[in-house]
Amino acid sequence: MCGIVGYIGRRDVAPLLLEGLQRLEYRGYDSAGIVITGKSGELRTVKAKGRVRDLEARVPKRFAGTTGIAHTRWATHGAPSDANAHPHADAAGAVSIVHNGIIDNASELRARLTAEGTVFASETDTEVLAHLIARSQADTLEQKVSEALRSIEGTYGLAVLHRDFPDRIVVARNGSPVVLGIGEKEMFVASDVAALVAHTRQVVTLADGEMATLKADDFRTYTTEGSRTTATPTTVEWEAESYDMGGHDTYMHKEIAEQAEAVDRVLRGRIDDKFATVHLGGLNLDPREARSVRRIKILGCGTSYHAGQIGAQLIEELARIPADAEPASEFRYRNPVVDPDTLYVAVSQSGETYDVLAAVQELKRKGARVLGVVNVVGSAIAREADGGTYVHAGPEVCVVSTKCFTNTVVAFALLALHLGRIRDLSVADGRRIIEGLRRLPGQIDEILKAEPEIKRLALHFADAKSMLFIGRVRGYPVAREASLKLKEVSYIHAEAYPASELKHGPLALVEPAMPTVAIVPDDELLEKNRAALEEIKARSGRILAVAHQEQEKADHTIIVPKNEDELDPILMGIPLQLFAYHTALALGRDIDKPRNLAKSVTVE
Ligand code: F6R
């Protein structure tokens, strides 16, 4: 969730690192810091609580150097403060380190080091590592770092500078991403390609347990035990411009607006009209294996979990394979029964969410087959899985996920269609779904045109202290996701409930001050959903419906274009993304960086 960026080469390092930090700020943002190797090898550090711009204001005019590392922090151990901001150094200022992740045995090590006379300058777990590296008697920086790493337990993505080894940066990874950027007589390191793509698109993603040494014109990778590993650079497909705001005021707005294009991308090159199916090259699942799958279990967190819930319904409907979704964060702690005939699917935008990764690792350890539905190419979950499919949404910068949710659900529709056509889904139904998928981009654009009306509705409801979101079967995960969107970006309390459960409790909440957002698709449950609206109306509840036709009992209806019943959930959440966005805007919220949240949760 924190961000790391580093550079070694010939250019003036401070502006490069500050620019890189700005691109990483969405990952975590309560403090930031930078350290560079000065002219005579000394390490010069500047840190600041707050945003990267606060750090920038503190960087002195004369701060020249061509090697440095920097960090944006999201507090875990110790409150946000100048002292707790990274980089962290030993008392003599020989070693400086930036670190993402958590050192589990930090307190134990801190107590031991304190007893031995070490004075700590911060409350962080990271500082322990700086002292351990500094105390090491090993000859090389690489050995000092690996010796220190051997005494810690926990996760890390880290970069280290040492006064006595000014020609290099040493980096290491275990459970927190580290990407090397390979340039011409210059090398970069970052926790996210976002910080690199403006300079190079040739990258090497380190694996867990791997380290690297970067020099201006060379790099090498090796294990923490010192054996060389092979690292072949790959080309990042995302352009630097796709990280820009592109004329929008926020990334959230930009990412909502580009969904038609994103959906077009996830469909491109995959549809096979001849056999009314789709090709998903990376699944690594031959038809015989696909036919022998008896259950599908989908695991993800937050928005990705909601996308997985819709995915499970699509798989049941189209492939008739029993399927369900569960939060990966719960699954991994309940000693789950792992069944050899179940196919497990891990869903993650970032591909780095620790709870999902840990669930995948546990499943692999127990011999399960795991597929990934992931956005970030080469991410930890994508690498750990036996196969899978990328969702091709392009980079998502706003902490609040929008276009990735939509693309992930479309990717699930493709998976469901693929499995369905291997099993019992007819050619006619296959064609029907393909035609529906092809209509999606145009229909998304149509929905986005209603933005002025959705904005008006958002302003109308923005004074609510709490809102209820209801939906039935296909509409329920849509309601859950819409309620999450509203609460995380506007901070209005929102609760999602199956419409079928209203009478069993939540109806007691209904009154004029508690508006309800209802998902009312034109499917076999339309009349049932209408009955729920009547129940709410009879108790003077205010209703905003998202439906395929005007709803008489609702005070307001947002009408969305009709697709195939199975694919309707993909479209019905989109107006509610705009609704959440405009509510948050009206309330003056920090839209791209909601309080207390970070984009990629790489810690437990
Ligand atoms: C909500 C949101 C989060 C993420 C969740 C999982 O808008 O973005 O709920 O969906 O933290 O993240 P990924 O998909 O990267 O595994």
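How far is an oxygen atom of the ligand from an N or O atom in the side chain of K485? In this predicted model, the separation is 2.9 Å. It falls within the limit for a polar contact, a pair of N or O atoms within 3.5 Å. Taken alone the ligand exposes 410 Å², of which the protein buries 90% (accessible areas by the Shrake-Rupley method with a 1.4 Å probe).

The model is predicted, and local features were considered only at pLDDT of at least 70 and side-chain atom pairs only at pLDDT 80 or more, while totals for chains, interfaces and linings use all residues. Residues are numbered from 1 along each chain as its sequence is written, and side-chain values use heavy atoms, with hydrogens and water left out.

A polar side-chain atom of E488 lies 2.5 Å from a ligand oxygen atom, and a backbone N or O atom of V399 is 3.3 Å from an oxygen atom of the ligand.

The shell around the ligand holds 13 residues, of which S304, S348, S350, T353 and E488 come nearest; a residue is counted if one of its heavy atoms lies within 4 Å. By class, three residues of the shell are nonpolar, eight polar and two charged. In this scheme Ala, Val, Leu, Ile, Met, Phe, Trp, Tyr, Cys and Pro count as nonpolar, Asp, Glu, Lys and Arg as charged, and the others, Gly among them, as polar. Helices α9 (302-319) and α16 (475-490) each supply at least two shell residues, and α9 gives the largest share, three residues.

The chain contains 19 helices and 27 strands, taken as DSSP runs (H or I, at least four residues, for helices; E, at least two, for strands) and numbered from the N terminus. The radius of gyration, taken over C-alpha atoms, is 25 Å, close to the 25 Å given for 604 residues by the globule rule (2.2 Å times the number of residues to the power 0.38), so the chain is as compact as a globular protein of that length. Along its principal axes the C-alpha trace spans about 75 × 55 × 45 Å.

Two backbone features lie in loops. Most residues other than glycine have a negative phi, and most peptide bonds are trans. The peptide bond from H86 to P87 is cis, with omega near 0°, and P87 is in the loop between β4 (67-73) and β5 (88-89). Y491, which is not a glycine, has a positive phi of about 65°; Y491 is located in the loop between α16 and β24 (493-498).

How values were computed. A polar contact is a pair of N or O atoms within 3.5 Å; within protein, one must be able to donate a hydrogen and the other to accept it, and residues adjacent in sequence count only if both atoms are side-chain atoms.
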